Amino acid sequence: MTGAIATTGTAHADDVTKLPGGASATLGGLETSGTAVIHDGGEDKRVSAGLFKMTVDGGGTLQTYCIDIHNPTQTEAKYQETPWSGTSLSGNPDAGKIRWILQNSYPQINDLAALAAKAGADSLTEKDAAAGTQVAIWRYSDKADVEAVDANAEKLADYLEKSAGQLSEPGASLTLSPQAVSGHPGERLGPITVHTNAQAVTVAPPASAAAAGVKLVDKTGKAVTSAADGSQVFFDVPKDAEPGSAALTVQASTTVPVGRAFASESRSQTQILAGSSESTVSATATATWAKTGPVPAVSAQKNCVKGGVDITAVNKGDEPFTFTLMGTEYTTPAGESRTVTIPLKEDQAYDFTITGPNGFETRLRGVLDCKTAAETVTKDADDDEGLTPQASTQPSPASVGGTGSGSGSDSDKDLAATGGSNATPVIAGVAIALVLVGGAAVVLVRKRKPSTSK
């Protein structure tokens, strides 16, 4: 999860961190698929392999492939467009090859006869093309020993794997940066820069009572109601404004770039975009102001490289801003910025409440999901004996802990069980325990000496 928090005066504990922007969607199910076989530890596991369909909040549809073969999906799971740095792609040197595969195969290439000719296949159906593409992706996303059951689909998978070149990460469909700003009444707070592939975005003004008189303007002071990529927006706060905060929201209709990652809110397997209709995307940024004292703008972002959550506090006030997290105080001096990384275990659910002076209180929660399930099980094998990755690419009913029981005809029983693996309840239990252990560790290490700015 990535997001921003900004407030002064009394805040509320349910101010949950919001994501950075882009498309939000709900997982449907496998739309077009064939069958693949995973060879793992001398055992063969048959799984469905192909395209998922997602419904975008506000309108639009997405087609995605899975990039975490051993992690189950959950029907109706909520997903958010996410930078590669917030997923297992962050440490994957072959992430760019996955994007190449997406750009050079189905559904981006829908001339199946031409695709079959390139792959040396006799022919390709949509199911074959989807299965072959998914298999090729798994070989790079999960380093899996997997092959398509259909001979033509397997030829496509081999062709894509061998031909793949490195492509860079695509830009977001819509984000704002920074996601939080602060300052004093009588100033223009910002700038907040728009990043988008849409031709234009609409800009909604602050609607809160605390934002009375606050205007959204450009650098010349002209009121802003629409923007484009690279546009800068400022909060124009009246000089006599009482301490408060406000938010701006931007929205657009565009196609989401192929290769964007989608992470779930509930540990449902990570997806990568293969195709998009015209879809609704949005982003939000906040501003905080006060005449005296600390004036914080606080943002949070998952950091998969460091294995934790980065919390950044920018203090535009004339006094230090101190917040308390998990029993430890962190201070940002007046006029400075400070980032603290809160270390977490893989798959650990976190639920932090940040408190500070003048009733400052806000909440940050999510799940650290930076590795594929196979990587996690391999690394923790000595500590979690008996945890075996279970291939599960078909959606399951959403439930607490991410498990689901399979159902289907007898002819489907050779495929991976619909829903969770047998290890999922164990992993969920371990995650809960780690939240407690991690919190205690931070307190023990840092309690004696509160952190201060470097």
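Mentor: What follows looks at the aromatic pairs and then at one pair of helices. Please keep in mind that this is a predicted model. A search of the whole structure finds three aromatic pairs, and one of them joins phenylalanine 323 to tyrosine 330, whose rings are stacked with 5.4 Å from centre to centre and 25° between the planes. Phenylalanine 323 counts as buried because its relative accessibility is 3%, under the 20% cut-off, and tyrosine 330 is likewise buried, at 1% relative accessibility. Tyrosine 350 and phenylalanine 352 also form a pair, with ring centres 5.6 Å apart, and since their planes stand at 25°, which is under the 30 degrees required, this pair is stacked. Of these residues, tyrosine 350 is buried at 2% relative accessibility, and phenylalanine 352 is buried with a relative accessible area of 5%.

The crossing of α2 and α4 is left-handed, and the contact is made by Leu115, Lys118 and Ala119 on the α2 side, with Lys155, Leu156 and Tyr159 on the α4 side. Sorted by class, the residues in the contact of α2 with α4 are four nonpolar and two charged, with no polar ones.

Methods
Residues are numbered from 1 along each chain as its sequence is written. This is a predicted model: local features need pLDDT of at least 70, side-chain atom pairs count only at pLDDT 80 or more; totals for chains, interfaces and linings use all residues. Side-chain values use heavy atoms; hydrogens and water are left out. Rings of Phe, Tyr and Trp (its six-membered ring) pair if their centres lie within 6.5 Å; planes under 30 degrees apart count as stacked, over 60 as edge-to-face and the rest as tilted. Buried means under 20% relative accessible area, exposed over 50%, partly exposed in between (1.4 Å probe, protein chains only). A crossing is left-handed if the near helix is turned anticlockwise from the far one by less than a right angle, and right-handed if clockwise. Helices (H or I, at least four residues) and strands (E, at least two) are DSSP runs, numbered from the N terminus. Contact means heavy atoms within 4.5 Å. Ala, Val, Leu, Ile, Met, Phe, Trp, Tyr, Cys and Pro count as nonpolar, Asp, Glu, Lys and Arg as charged, and the others, Gly among them, as polar.
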